[in-house]
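The sequence and the structure come first.

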Amino acid sequence: MSSEIASQGSLFTSDFLTESIQEVSEWNTLGDADLDQFSESIRGHFDRFPISQTPNESQTEDDLIWPILEALGWTDSLGYFVEKLFLDRGLNC
């Protein structure tokens, strides 16, 4: 993933992506092959994402955020995020 794509939006600060991440133990255990495999597994989501248009929050979540969280193995957290999203919007799950 290019640094240009990673720096768009406000999901991560540039400081975190360039410096602070180096202090995260899980990051330090990853090898180049792991990063290449992950990058390949999410590239299609970025390639298909309509950055030349103005995707709304729901489209961004469905087409980019949730698939990437799943690729990261955060499937247990997805239920929590969805529930929190609904509660924050005053909706029932």
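Leu72 is placed in the loop between helix 5 and helix 6 (75-88), where helices (H or I, at least four residues) are DSSP runs numbered from the N terminus, as strands (E, at least two) are. With a relative accessible area of 40%, Leu72 is partly exposed; buried stands for under 20% relative accessible area, exposed for over 50%, and partly exposed for the range in between (1.4 Å probe, protein chains only). Leu72 and Ser41 lie 31 residues apart in sequence, and their C-alpha atoms are 9.9 Å apart in space.

## Basis of the model

The model is predicted, and local features need pLDDT of at least 70 while side-chain atom pairs count only at pLDDT 80 or more, whereas totals for chains, interfaces and linings use all residues. Residues are numbered from 1 along each chain as its sequence is written, and side-chain values use heavy atoms, with hydrogens and water left out.

## Overall composition

The protein has six helices and zero strands, and 15% of its 93 residues are buried. Of the contacts in the protein with a separation of 6 or more, 39% are between residues 24 or more positions apart, a contact being heavy atoms within 4.5 Å.

Ser39, Ile42 and Phe46 are buried in helix 4. Helix 5, with 15 residues, reaches 20 Å from its first C-alpha to its last, close to the expected 21 Å, and has a kink of about 35 degrees at Ile65, shortly before the proline Pro67. Its buried residues include Leu64, Pro67 and Ile68.

## How the two helices pack

The axes of helix 4 and helix 5 (residues 57-71) come within 10 Å and cross at roughly 165 degrees, where axes are lines fitted to C-alpha atoms, for helices over the stretch in contact, and angles run from 0 to 180 degrees between N-to-C directions. The two helices are therefore roughly antiparallel, a term for angles over 145 degrees. Phe38, Ser41, Ile42, His45 and Phe46 of helix 4 make the contact with Asp63, Leu64, Pro67, Ile68 and Ala71 of helix 5.

Key. Angles under 35 degrees count as roughly parallel, over 145 as roughly antiparallel, 65 to 115 as roughly perpendicular and the rest as oblique. The expected span of a helix is 1.5 Å times one less than its number of residues. The bend at a residue is the angle between axes fitted to the seven residues ending there and the seven starting there.
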